[in-house]
Amino acid sequence: MKSTGLCSCAAALVAAVLVAAPAWAEPSAEGVTVTVAPAEARPGDPVLVTVLGSAQTPKGKAAGKDLSFFAVRGGHQALFAVPMDRKPGELAIELRGGLPRQVVPVVAHEFPAADVTVPDEYANPPPEARKRIDDDNRAIRKAFGKPGDPPQFRGDFKQPVAGGRPTSPFGEQRTFNAVAKSQHLGLDVTARTGAKVKAIGDGTVVLVRSCFLPGNVVVVDHGAGIASAYFHLQLASVVEGDIIKRGAQVGRAGQTGRATGPHMHLSVWVPGGFVDPATFFRLPFRPPVVEPAPVPDAVSAGAVDPAPAKKASYKSRKKTTKSPAKKKSAK
Ligand SMILES: [Zn+2]
């Protein structure tokens with residue numbers, strides 16, 4: 001059994017650092033500045049559009065969908081997900097009101113593959129478990145907010161665990177017990193059992209649930225259609241409805257559900273879909289227009305009983321596969 005030594009993602013993360021850092025700005029005739037980050041995107045990356053110097057809320061489209069801008073200090077920002085099945089090429093961001101059209105190059109990316117061994121019930125779930133999996137996925141999706149919701153977060157987001165080392169990357173194509181396939185729609189980082197898991201940004205706890213595959217789950221809505229989901233928790237430290245600050249403890253790390261060992265799984269949802277948290281954390285979110293009123297710290301309550309530990313193993317494959325646009329369960 002290899003619990004968390006999943007190092008296959010290292011190269012992909014380094015690549016993400018390189019592409020996420022730069023951004024470019026184009027001043028328009030009216031002195032309005034439009035910035036897009038990252039300068040290059042991969043399928044499954046979040047893209048942040050910043051419009052500064054315009055009093056009016058900008059409007060526009062990206063990847064065929066309306067952008068929903070929220071006010072920030074000096075202007076507005078909007079976020080969208082590059083679809084997982086997006087082919088390499090230019091992705092256009094069309095802004096109205098005479099603002100310059102932006103283009104984000106989408107680069108080719110192959111998601112790595114991994115073979116994972118888990119107890120049979122997690123690879124071949126019985127019918128009652130399949131229903132529970134469907135219910136879990138519906139509940140998680142339903143918990144995510146809408147793009148037009150007012151932002152609750154303030155500026156940048158922060159990592160959920162201190163010193164967590166990435167082990168299993170976003171988008172990994174996994175084969176469980178050589179039969180069940182799914183794509184990893186989050187980022188795994190090392191965390192010992194019981195380690196504090198902290199909210200990546202200010203928000204509202206919208207779901208606390210014991211799920212079949214992701215185990216004990218907490219979902220935090222950050223407003224503006226952005227949500228974070230914390231999986232496989234040993235226990236939850238918050239209850240639905242709690243209004244929490246960035247860094248507030250939402251739970252303790254564990255290995256409940258389909259997990260090969262104790263670790264922290266983070267999924268990040270933005271308008272358009274799940275995105276790579278590694279890229280998300282590097283986006284230049286601006287501070288809010290005005291400091292919101294202070295919110296109370298999370299109330300520690302509603303702990304969920306941890307599920308018994310399961311024997312499982314994980315093995316990264318050297319081989320990689322192209323990224324198909326598979327609709328799959330959140331896990
Ligand atoms: Zn994971």
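In what order do the 4 strands of the open sheet stand? I looked this up first. The model is predicted. I read the order as S5-S4-S8-S9, with antiparallel pairing. Strand S5 (65-66) and strand S9 (102-106) are at the edges. Each has a single partner strand, so one side of each lacks a neighbour in the sheet.

Strand S4 (residues 60-62) runs antiparallel to strand S8 (residues 89-95), and 3 bridges link them. Gly 60 has Leu 95 of S8 as its bridge partner.

Then I turned to strand S12. Strand S10 (residues 112-117) and strand S12 (residues 173-176) run parallel, joined by 4 bridges. I found Ala 114 opposite Arg 174 in S12. S12 also pairs with strand S13 (residues 180-183), here in the antiparallel sense, over 4 bridges. Gln 173 is bridged to Gln 183 in S13. The hairpin of S12 and S13 has 3 residues between the strands. There I noted Asn 177, with a positive phi near 50°.

Last, I went to the core. The largest nonpolar core holds 79 residues. Val 217, Val 218, Val 219, Val 220, Tyr 230 and Val 250 touch the most other members. Strand S18 (residues 226-236) contributes the most to this core, with 7 residues. Where does the core lie relative to domain 1 and domain 2? It lies between them, because both domain 1 (10-106) and domain 2 (112-320) give residues to it.

I followed up on Val 220. Leaving aside neighbours within four places in sequence, its contacts include Ala 199, Val 206, Ile 244 and Val 250.

Technical notes:
Residues are numbered from 1 along each chain as its sequence is written. This is a predicted model: local features need pLDDT of at least 70, side-chain atom pairs count only at pLDDT 80 or more; totals for chains, interfaces and linings use all residues. Two strands pair if DSSP finds at least two bridges between them. Helices (H or I, at least four residues) and strands (E, at least two) are DSSP runs, numbered from the N terminus. A nonpolar core is a set of buried Ala, Val, Leu, Ile, Met, Phe, Trp, Tyr and Cys residues joined through C-beta atoms within 7 Å. A residue is buried if 20 or more other C-beta atoms lie within 10 Å of its own, exposed if 12 or fewer, and partly exposed in between; C-beta atoms are placed from the backbone. Domain bounds come from an automatic or database domain assignment. Two residues are in contact if their C-beta atoms, placed from the backbone, lie within 7 Å.
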